Amino acid sequence: MIGSRGERLLSNLVILASTLLGCFSFLYPFFLPNFQQTPSPAGIRLSEMPLTMTLVLGLCVIALLFESQQGASNARMVALMGVLVALNSVLRYIEVAIPGPGGFSPVFFLIILSGYLFGAKFGFLMGAMTLFVSAILTGGVGPWLPSQMFTAGWVGMSAAILSPLVVRLGWQQRRGEIVLLALFGFGWGLLYGAIMNLWSWPFITGPADQYWQPGISFAETIARYGVFYLATSLAWDLGRSLGNVLLIGLFGTATLRVLRRFRERFTFVYQPAEV
Amino acid sequence: MPGGHAPIHFHPWVWLTWTGSTLLCVSLTRNPLYLVVVWLCVAIVHAAGGMGELARGSAPFPLWLSLTVVPLGALFNALTVHVGENILFVIPGAIPLLSGRVTWEAALYGATNGLALGVILLVFWVFNRNVSIPSFLRLLPRAFHSLAVVGSIAMTFVPCLQQQYQQIQEAQAIRGKQLRGIRDQLGLLLPLLVSSLEHAFQLAEVMTARGFLASLSPLTRSNLRAAFLGGFGLVLGGWLSRFWGLPGWIASLLFWCALALFGALFFLAMRQVRYTIYRPRRFGVRDGLAIGGPSLLSLLLVLNHLFPERGLLAYTPYPALTLPPFEPLVAFLLLGILSPFLVAVFAGHDSLS
């Protein structure tokens, strides 16, 4: 039987491996030139790479979901997550019905705050489940869903990194905490768009300086993606980033106060004294 | 169709397999002739009407809408990709993106991509139409039962949220509070958040009282984690084998072994989770027949993937336009997508009359 330390190690290894493999699945266009330059007797069927990568990404989502659901392993956390996901799904439903400016989306607000307060696993689930449930509600189930779930999950998961940082800086429940969260939201607003573009970028063809073509070098791929992103996505993604900053700036302090209060109630455990 | 038979509602597994199989076809080929066959099959299943649980209530999705992406794709690609030997015309000057030769090859490639996108849209529309939300949640593997519970809570809580929002709005209005700017929304959103979390707390108490337990046994968890790591190792091995220039079938085999490993261990993990279905949905003979076509098609596509040397579905119009290959046997196999429709026809499905 594996002890609790061994279990934790295995758990962290699974999270690390699935995150790295997921990153590779998104970034495969940047590695393809290496494959292309390697002679192979059967030839490498580049047309099948997207399908393979989608399958691998699906496996990573499954592994991360499985691992993260341990973060909602008791009734209280399940109920808490269900209700928060419902709130966030309604926000996304409103966003679909009445689109905001650019890529503005209110869903990242709660995902970031949940990941920050309740930890990486909870944050990942919050992001992934929000996208899953809201896709069902809005009829938006499609091949893009695993990528969206994965990326939104990363947003929540990575927000947990801020927690020890804020403690170390002594910014808990101070203005610095909100500033840091707002900066984090701004960064992820752009990064979310940049990652989601990669889902479709290799399929798109267009002007040679902006699009991926088989056989181009790694540096050339990055340069082309950079031009593509600046030309097509930056303005759109800025809407999302600024929206995150606005929402965290306006509602962050009050929402964090409420979530902190409920966190104490939801994680309260009664242990009778040993006789 | 005479007779007045009861409408057929296929099992959600039929639709899941059908969706997966069709998406696999679309992902594996850019041969426009095969894509046309796939689109026709999906369009027939779509036009046959609802054969699932949501069948009668949902609004129709016009077929032409799925085809609008074809000319758009052709136009966009032809105007922006100046690659190919058969020139249609040349856009003079130095207009960014547009100037250069407009070729038949680029137009065909754009149209083919548009058609693939159109099929994907149509397939998901058919799936969303035929599988209800409870059935969709029930499709989640039992190993993820706590996530399915999260999803169920979220789904059922959405209407409650609407009610709560209205009540808070009315209460604020009675107090004479007017919502002018975005900052005033805090007066609505915070009470909504607090009351929702209170609701979650009560729900958790009820779940605990009824013996809800979300976690798997530690041994199963460890086995699954080890299997994940093994599976990831196989995937990595597959990539490295391609990187080192080993034959393509080795990588394919490793990828499929990883998939099989994940599938087998999930099956074992699922068996450990006990659950009760109050209204079980039987998988009947008709469901078996309807799932047969897509399953066979998927199996053959996977076999084709394992032995890439054949390249049955491959086609690209670049650099010079050629007639896409068309093997009648492949087209016949693609007709497996039609099987839900064919079963419904032979069973005398009402909505086909």
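Q: Which residues of α2(B) and α5(B) meet each other?
A: In this predicted model, the α2(B) side of the contact consists of Pro32(B), Leu35(B), Val38(B), Trp39(B), Val42(B), Ala43(B), Val45(B) and His46(B), and these meet Leu108(B), Thr112(B), Leu115(B), Ala116(B), Gly118(B), Val119(B), Leu122(B), Val123(B) and Val126(B) in α5(B).

Q: And by class, how many of those are nonpolar, polar or charged?
A: The contact of α2(B) with α5(B) has 14 nonpolar residues and three polar ones, with no charged residues.

Q: OK, what about the geometry, how do the axes of those two helices cross?
A: Helix α2, residues 32-47 of chain B, and helix α5, residues 104-130 of chain B, have axes that come within 10 Å and cross at roughly 25°. Because angles under 35 degrees count as roughly parallel, α2(B) is roughly parallel to α5(B).

Q: Is that crossing left-handed or right-handed?
A: The crossing of α2(B) and α5(B) is left-handed.

Q: Stepping back, how many helices and strands are there in chain B?
A: Chain B has 13 helices and two strands, and of its 353 residues, 37% are buried.

Q: Switching to chain A, what does its secondary structure come to?
A: Chain A has 10 helices and zero strands, so that, by the way helices and strands are assigned, its pattern read along the sequence is α-α-α-α-α-α-α-α-α-α.

Q: What share of chain A is buried?
A: Buried residues account for 44% of the 275 residues in chain A.

Q: Now the nonpolar cores: which residues have the most contacts inside the largest one?
A: The largest nonpolar core has 97 residues, and those with the most contacts inside it are Ala79(A), Met81(A), Val83(A), Ile112(A) and Met129(A). Helix α3 of chain A, residues 75-97, gives the most to this core, with 13 residues.

Q: You mentioned Val83(A); what does it touch?
A: Leaving aside residues up to four places away in sequence, Val83(A) touches Ile153(B), Phe157(B), Ser196(B), Leu197(B), His199(B) and Ala200(B).

Q: And which residues are among those in the other core?
A: Apart from the largest nonpolar core lies another core, of 52 residues, including Trp15(B), Trp125(B), Leu334(B) and Val343(B).

How values were computed:
Residues numbered from 1 in each chain as written. Chains lettered and ligands numbered in written order. Predicted model: local features only at pLDDT ≥ 70, side-chain atom pairs only at ≥ 80, totals over all residues. Helix = DSSP H or I, 4+ residues; strand = E, 2+ residues; numbered from the N terminus. Buried ≥ 20, exposed ≤ 12 C-beta atoms within 10 Å, placed from the backbone. Core = buried A, V, L, I, M, F, W, Y, C linked by C-beta atoms within 7 Å. Contact = placed C-beta atoms within 7 Å. Axes fitted to C-alpha atoms, helices over the stretch in contact; angles between N-to-C directions. Parallel < 35°, antiparallel > 145°, perpendicular 65-115°, else oblique. Left-handed = near helix turned anticlockwise from the far one by under 90°. Nonpolar A, V, L, I, M, F, W, Y, C, P; charged D, E, K, R; others polar.
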